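Reader: Could we go through this model together? I'd like to begin with the aromatic side chains.

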Amino acid sequence: MAYQDPMDALGDRTRRAIGEIAGELPVSRPAVSQHLRVLKEAGLVTERRDGTRRIYRVDPDGVGSLRAYFDEFWNEALAAFKEAAEDERRNG
């Protein structure tokens, strides 16, 4: 199952925990690889091969897209709240 939506990719608790990489993850190495693949497919991390290892980094563009989404979401929500409050004030 491919995750193209960054929100879906971040929705999984294990993938969020991987963002805070610790020495003792509660999942197997194949599971970690699977979660990293999902984050890569969603555009949230990039991958670079170094011999037999794969080095993952946060993709600023992918995270920037999420930030832009949330900025727009909150701008619209706050504007709607302000409009509702002003209507209530006018209409008592």
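Reader: Is Tyr-69 buried, exposed or partly exposed?
Author: This is a predicted model, in which local features need pLDDT of at least 70 and side-chain atom pairs count only at pLDDT 80 or more, while totals for chains, interfaces and linings use all residues. Tyr-69 has a relative accessible area of 43%, so it is partly exposed, the class between buried (under 20%) and exposed (over 50%), with a 1.4 Å probe and protein chains only. Residues are numbered from 1 along each chain as its sequence is written, and side-chain values use heavy atoms, with hydrogens and water left out.

Reader: Which ring does Tyr-69 pair with, and in what geometry?
Author: Rings of Phe, Tyr and Trp (its six-membered ring) pair if their centres lie within 6.5 Å, and planes under 30 degrees apart count as stacked, over 60 as edge-to-face and the rest as tilted. By this rule there are 2 aromatic pairs. Tyr-69 pairs edge-to-face with Phe-70, at 5.2 Å centre to centre and 75 degrees between the planes; Phe-70 is partly exposed at 35%.

Reader: And why is the pair of Phe-73 and Trp-74 classed as it is?
Author: Their planes lie at 85 degrees, with the centres 5.2 Å apart, so that pair is edge-to-face. Phe-73 is partly exposed at 40% relative accessibility, as is Trp-74 at 47%.
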